[in-house]
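Biologist: Please take one part of this model and go through it closely. I would like the pocket and its surroundings.

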Amino acid sequence: GAWLATWMTGRFRTRVVPAEWSRQFGDSPGRRLLWAFMGGFLLLFGARVGGGCTSGHMISGISQLAVSSCVFSATLFASAIATTKLLYRERGRR
């Protein structure tokens, strides 16, 4: 639905380097794709080590009120917020 709406209004466009990434890290497509690949690899590695995928732990585990899934989900959100704050902080601020 979202794709169809953007296509019909003429707003559809593709880009390799999002504006937020470009402002913070530069507009090199190679660098952006390398980091995207590394992030995907870490996600797959973690899923293998953890014995399941993130979605499975969060959707199935939380719905069953599994303590391990609740702890995992809280840790995941906390680390995602910390990573985002670190990567996308304003220049000149620490």
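Modeller: First, a term: contact means heavy atoms within 4.5 Å. This is a predicted model, where local features need pLDDT of at least 70, side-chain atom pairs count only at pLDDT 80 or more, and totals for chains, interfaces and linings use all residues. Residues are numbered from 1 along each chain as its sequence is written, and side-chain values use heavy atoms, with hydrogens and water left out.

Now the pocket. On a 1 Å grid over the protein atoms alone, a pocket is an open set of points where a 1.4 Å probe fits, with protein on both sides within 12 Å along at least five of seven lines; lining residues have an atom within 4 Å of a point. Volume is the space filled by probe spheres set on the points, which are joined across faces, edges and corners. The largest pocket holds about 590 Å³. It has 22 lining residues, and W35, G39, L42, L43 and T83 are the closest to its centre. Two or more lining residues come from each of α2 (19-25), α3 (29-50), α4 (54-63) and α5 (67-87). Helices are DSSP runs (H or I, at least four residues), numbered from the N terminus.

Helix α3 gives the largest share of the lining, 10 residues. Just after α3, G51 has a positive phi of about 75°.

Helix α5 contains S69. S69 counts as buried because its relative accessibility is 4%; buried means under 20% relative accessible area (1.4 Å probe, protein chains only). Leaving out residues up to four places away in sequence, S69 touches H57, G61 and I62.

How values were computed. Buried means under 20% relative accessible area, exposed over 50%, partly exposed in between (1.4 Å probe, protein chains only).
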